[in-house]
Amino acid sequence: MRFTTVITILPLLASASPLSPRQETVTTTTPLFPIHSSCNITLSRQLTRAFEETVQLASHARDHLLRYGQTSPFVQKYFGVNASTIVPLGIFSRVASGDRGNMTFRCDDPDRNCATQEGWAGHWRGSNATQETVICDLSYVKRRWLDSMCGFGFTVSKSATNLFWATDLLHRTFHVPQVSDDAVHHYAEDYDGVLEMVKTEPEKSVYDSDTLIYFATDVYAYEVAAPGEGCTGDEEESE
(Lines give C-alpha, C1' and ligand atoms only; values in the text may rest on other atoms or scores of the structure.)
Protein backbone atom coordinates (compact mmCIF):
# COMPACT_ATOMS: atom_id res chain seq x y z
CA MET A 1 0.00 0.00 0.00
CA ARG A 2 1.39 3.40 -0.97
CA PHE A 3 0.38 7.02 -0.56
CA THR A 4 1.36 10.21 -2.36
CA THR A 5 2.32 13.33 -0.44
CA VAL A 6 2.22 16.68 -2.22
CA ILE A 7 4.32 19.35 -0.55
CA THR A 8 4.03 22.98 -1.59
CA ILE A 9 6.93 25.22 -0.62
CA LEU A 10 5.68 28.78 -0.40
CA PRO A 11 7.70 31.87 -1.37
CA LEU A 12 10.10 33.10 1.26
CA LEU A 13 9.42 36.70 2.14
CA ALA A 14 12.25 37.99 4.29
CA SER A 15 14.60 40.19 2.29
CA ALA A 16 17.48 39.96 4.78
CA SER A 17 18.02 36.30 4.00
CA PRO A 18 19.96 34.32 1.39
CA LEU A 19 16.85 32.19 0.92
CA SER A 20 15.45 33.47 -2.37
CA PRO A 21 11.69 33.42 -3.17
CA ARG A 22 10.59 30.38 -5.13
CA GLN A 23 7.34 28.51 -5.69
CA GLU A 24 7.59 24.78 -6.25
CA THR A 25 5.70 21.57 -5.67
CA VAL A 26 7.53 18.39 -4.71
CA THR A 27 5.71 15.07 -4.99
CA THR A 28 7.06 11.96 -3.29
CA THR A 29 5.61 8.46 -3.20
CA THR A 30 6.58 6.25 -0.28
CA PRO A 31 5.30 3.08 1.39
CA LEU A 32 3.25 3.54 4.53
CA PHE A 33 4.82 2.95 7.91
CA PRO A 34 3.63 -0.48 9.10
CA ILE A 35 0.85 -0.24 11.69
CA HIS A 36 0.31 -3.25 13.95
CA SER A 37 -2.99 -5.11 14.09
CA SER A 38 -3.38 -4.02 17.72
CA CYS A 39 -4.38 -0.55 16.44
CA ASN A 40 -8.13 -0.33 15.81
CA ILE A 41 -9.61 1.61 12.89
CA THR A 42 -9.78 4.89 14.84
CA LEU A 43 -6.19 4.72 16.02
CA SER A 44 -4.96 3.52 12.63
CA ARG A 45 -6.64 6.45 10.91
CA GLN A 46 -4.90 8.93 13.20
CA LEU A 47 -1.55 7.17 12.87
CA THR A 48 -1.82 7.12 9.08
CA ARG A 49 -2.34 10.89 9.00
CA ALA A 50 0.43 11.33 11.58
CA PHE A 51 2.89 9.39 9.42
CA GLU A 52 1.90 11.39 6.35
CA GLU A 53 2.75 14.57 8.25
CA THR A 54 6.01 13.06 9.50
CA VAL A 55 7.01 12.34 5.90
CA GLN A 56 5.92 15.88 4.96
CA LEU A 57 8.12 17.42 7.66
CA ALA A 58 11.13 15.21 6.88
CA SER A 59 10.75 15.79 3.14
CA HIS A 60 10.69 19.54 3.62
CA ALA A 61 13.85 19.43 5.74
CA ARG A 62 15.53 17.21 3.13
CA ASP A 63 14.55 19.50 0.26
CA HIS A 64 15.78 22.57 2.14
CA LEU A 65 19.16 20.90 2.60
CA LEU A 66 19.29 19.92 -1.06
CA ARG A 67 18.45 23.42 -2.22
CA TYR A 68 20.54 25.58 0.12
CA GLY A 69 23.18 23.33 1.67
CA GLN A 70 25.66 25.18 3.87
CA THR A 71 24.39 28.60 2.72
CA SER A 72 21.19 28.15 4.73
CA PRO A 73 21.12 30.21 7.94
CA PHE A 74 19.20 27.34 9.53
CA VAL A 75 22.00 24.90 8.67
CA GLN A 76 24.57 27.28 10.13
CA LYS A 77 22.46 27.84 13.23
CA TYR A 78 21.84 24.20 14.09
CA PHE A 79 24.77 22.32 12.55
CA GLY A 80 27.56 24.93 12.41
CA VAL A 81 29.01 27.22 9.76
CA ASN A 82 31.37 24.53 8.48
CA ALA A 83 29.03 21.58 8.85
CA SER A 84 28.56 18.99 6.15
CA THR A 85 24.89 18.50 5.31
CA ILE A 86 25.40 14.89 4.19
CA VAL A 87 24.46 13.32 7.53
CA PRO A 88 21.17 15.18 8.19
CA LEU A 89 20.32 14.85 4.50
CA GLY A 90 20.68 11.09 4.74
CA ILE A 91 18.68 10.86 7.96
CA PHE A 92 15.75 12.93 6.68
CA SER A 93 15.81 11.01 3.39
CA ARG A 94 15.54 7.73 5.29
CA VAL A 95 12.44 8.98 7.12
CA ALA A 96 10.91 10.48 3.99
CA SER A 97 11.44 7.70 1.50
CA GLY A 98 13.53 4.88 2.95
CA ASP A 99 12.46 1.27 3.02
CA ARG A 100 10.29 0.59 6.07
CA GLY A 101 11.60 -2.96 6.34
CA ASN A 102 10.31 -4.79 9.38
CA MET A 103 9.63 -1.78 11.57
CA THR A 104 6.25 -1.75 13.30
CA PHE A 105 4.21 0.78 15.27
CA ARG A 106 1.81 -0.83 17.67
CA CYS A 107 -1.01 0.28 19.99
CA ASP A 108 -0.98 -2.44 22.64
CA ASP A 109 1.31 -2.38 25.65
CA PRO A 110 3.46 -5.54 25.60
CA ASP A 111 6.11 -4.11 27.95
CA ARG A 112 3.56 -2.47 30.30
CA ASN A 113 5.29 0.90 30.06
CA CYS A 114 2.15 2.79 29.04
CA ALA A 115 0.38 1.40 32.09
CA THR A 116 3.18 1.83 34.63
CA GLN A 117 5.18 4.90 33.52
CA GLU A 118 3.29 8.11 34.30
CA GLY A 119 3.08 10.53 31.39
CA TRP A 120 4.49 8.16 28.79
CA ALA A 121 2.87 8.66 25.39
CA GLY A 122 4.93 6.02 23.60
CA HIS A 123 8.30 4.31 23.56
CA TRP A 124 10.78 2.43 21.43
CA ARG A 125 10.89 -1.20 22.58
CA GLY A 126 14.68 -1.32 22.58
CA SER A 127 16.24 -4.72 23.18
CA ASN A 128 12.78 -6.30 23.50
CA ALA A 129 12.11 -5.60 19.81
CA THR A 130 14.52 -3.16 18.16
CA GLN A 131 12.31 -2.41 15.13
CA GLU A 132 9.10 -1.86 17.14
CA THR A 133 7.60 1.27 18.69
CA VAL A 134 4.58 1.49 20.99
CA ILE A 135 2.21 4.46 20.76
CA CYS A 136 0.38 4.85 24.07
CA ASP A 137 -3.19 6.15 24.36
CA LEU A 138 -1.94 9.50 25.68
CA SER A 139 -0.51 10.37 22.26
CA TYR A 140 -3.96 10.39 20.70
CA VAL A 141 -5.23 13.12 23.00
CA LYS A 142 -2.21 15.43 23.27
CA ARG A 143 -0.60 15.67 19.80
CA ARG A 144 -1.28 18.50 17.33
CA TRP A 145 -1.32 18.57 13.54
CA LEU A 146 1.17 20.59 11.50
CA ASP A 147 -1.45 23.06 10.25
CA SER A 148 -1.62 24.50 13.78
CA MET A 149 2.11 25.33 13.89
CA CYS A 150 2.84 28.95 14.87
CA GLY A 151 -0.64 29.17 16.41
CA PHE A 152 -1.96 28.81 19.95
CA GLY A 153 1.23 30.21 21.48
CA PHE A 154 3.61 27.77 19.84
CA THR A 155 7.25 28.79 19.36
CA VAL A 156 10.11 26.59 18.25
CA SER A 157 12.37 27.61 21.12
CA LYS A 158 9.85 27.47 23.98
CA SER A 159 7.42 24.68 23.11
CA ALA A 160 7.97 20.94 23.55
CA THR A 161 9.61 19.11 20.64
CA ASN A 162 6.94 16.39 20.83
CA LEU A 163 3.92 18.70 20.65
CA PHE A 164 3.12 17.68 17.07
CA TRP A 165 2.53 14.20 15.76
CA ALA A 166 5.16 14.82 13.09
CA THR A 167 7.91 15.94 15.48
CA ASP A 168 7.12 13.21 17.99
CA LEU A 169 7.25 10.52 15.32
CA LEU A 170 10.48 11.96 13.92
CA HIS A 171 12.00 11.33 17.34
CA ARG A 172 10.56 7.83 17.47
CA THR A 173 11.74 6.87 13.99
CA PHE A 174 15.25 8.08 14.87
CA HIS A 175 15.40 5.27 17.45
CA VAL A 176 14.58 2.58 14.90
CA PRO A 177 17.75 1.02 13.41
CA GLN A 178 16.01 0.63 10.05
CA VAL A 179 15.99 4.45 9.82
CA SER A 180 19.03 5.68 11.75
CA ASP A 181 21.52 2.78 11.72
CA ASP A 182 21.81 3.49 15.46
CA ALA A 183 23.65 6.72 14.60
CA VAL A 184 21.20 9.27 16.05
CA HIS A 185 21.51 9.86 19.80
CA HIS A 186 20.52 12.27 22.57
CA TYR A 187 23.38 14.67 23.22
CA ALA A 188 21.44 17.89 23.95
CA GLU A 189 18.27 18.16 26.00
CA ASP A 190 16.58 21.37 24.87
CA TYR A 191 16.79 24.39 22.56
CA ASP A 192 19.46 26.17 24.60
CA GLY A 193 21.45 22.96 24.84
CA VAL A 194 21.29 22.50 21.07
CA LEU A 195 22.61 26.02 20.43
CA GLU A 196 25.37 25.57 23.01
CA MET A 197 26.44 22.23 21.56
CA VAL A 198 26.82 23.63 18.03
CA LYS A 199 29.37 26.08 19.48
CA THR A 200 31.31 23.62 21.63
CA GLU A 201 30.85 20.19 20.00
CA PRO A 202 29.50 20.79 16.49
CA GLU A 203 30.57 17.33 15.37
CA LYS A 204 27.72 15.92 17.49
CA SER A 205 25.03 18.25 16.20
CA VAL A 206 24.32 16.39 12.97
CA TYR A 207 23.73 13.20 14.99
CA ASP A 208 21.63 14.75 17.76
CA SER A 209 17.93 13.92 17.86
CA ASP A 210 16.77 17.28 19.27
CA THR A 211 18.96 19.27 16.87
CA LEU A 212 17.46 17.47 13.88
CA ILE A 213 13.93 18.06 15.18
CA TYR A 214 14.51 21.75 15.95
CA PHE A 215 16.04 22.23 12.51
CA ALA A 216 13.12 20.58 10.70
CA THR A 217 10.57 22.49 12.78
CA ASP A 218 12.24 25.90 12.44
CA VAL A 219 12.58 25.52 8.66
CA TYR A 220 8.96 24.38 8.30
CA ALA A 221 7.71 27.22 10.47
CA TYR A 222 9.61 29.81 8.41
CA GLU A 223 8.84 28.45 4.96
CA VAL A 224 5.37 26.91 5.35
CA ALA A 225 3.53 27.68 8.61
CA ALA A 226 4.28 31.43 8.65
CA PRO A 227 6.20 32.13 5.41
CA GLY A 228 9.07 34.58 5.78
CA GLU A 229 8.32 35.09 9.46
CA GLY A 230 8.33 31.78 11.28
CA CYS A 231 7.84 31.47 15.03
CA THR A 232 11.23 30.69 16.52
CA GLY A 233 10.53 32.68 19.68
CA ASP A 234 14.03 34.08 20.18
CA GLU A 235 12.77 37.62 19.72
CA GLU A 236 10.86 37.38 23.00
CA GLU A 237 14.12 37.39 24.93
CA SER A 238 15.23 40.70 23.40
CA GLU A 239 11.98 42.57 23.99
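Author: Gladly! A strand here is a DSSP run of E with at least two residues, numbered from the N terminus. Threonine 133 sits in such a run, strand E5, which spans residues 132-135. Please keep in mind that this is a predicted model.

Reader: What makes threonine 133 count as buried or exposed?

Author: The relative accessibility of threonine 133 is 0%, and buried means under 20%. Threonine 133 therefore counts as buried.

Reader: Which residues is threonine 133 in contact with, leaving aside its neighbours within four places in sequence?

Author: They are Thr104, Phe105, Arg106, His123, Trp124, Arg172 and Val176.

Reader: How do you know whether phenylalanine 152 is buried or exposed?

Author: Its relative accessibility is 72%, and the cut-off for exposed is over 50%. So phenylalanine 152 counts as exposed. This residue belongs to the loop between H5 and H6, and its phi is near 55 degrees, a positive value in a residue other than glycine.

Reader: And why is cysteine 150 called partly exposed?

Author: Cysteine 150 has a relative accessible area of 26%. Buried would need under 20% and exposed over 50%, so cysteine 150 is partly exposed. The loop between helix H5 (139-142) and H6 holds cysteine 150, where phi is near 75 degrees, again positive in a residue other than glycine.

Reader: Let us turn to the helices. Why are H3 and H6 called roughly perpendicular?

Author: Their axes cross at roughly 105 degrees, and angles of 65 to 115 degrees count as roughly perpendicular. H3 and H6 are therefore roughly perpendicular to each other. The two axes come within 11 Å. On the H3 side the contact is made by Ile91, Phe92 and Val95, and on the H6 side by Leu170, Thr173 and Phe174. These contact residues divide into 5 nonpolar, 1 polar and no charged.

Reader: Which residues of the largest nonpolar core touch the most other members?

Author: Phe92, Leu170, Phe174 and Phe215 do, in a core of 57 residues. At least two residues of this core come from each of helices H1 (41-68), H2 (73-79), H3 (86-97), H6 (165-175), H8 (191-200) and H10 (209-225). H10 gives the most, with 10 residues.

Reader: What does phenylalanine 215 touch, not counting residues up to four places away in sequence?

Author: Phenylalanine 215 touches Ala61, His64, Leu65, Phe74, Val75, Tyr78, Phe79 and Phe92.

How values were computed
Residues numbered from 1 in each chain as written. Predicted model: local features only at pLDDT ≥ 70, side-chain atom pairs only at ≥ 80, totals over all residues. Heavy atoms only, no water. Core = buried A, V, L, I, M, F, W, Y, C linked by side-chain atoms within 4.5 Å. Buried < 20%, exposed > 50% of the residue type's maximum accessible area, 1.4 Å probe, protein only. Helix = DSSP H or I, 4+ residues; strand = E, 2+ residues; numbered from the N terminus. Contact = heavy atoms within 4.5 Å. Axes fitted to C-alpha atoms, helices over the stretch in contact; angles between N-to-C directions. Parallel < 35°, antiparallel > 145°, perpendicular 65-115°, else oblique. Nonpolar A, V, L, I, M, F, W, Y, C, P; charged D, E, K, R; others polar.
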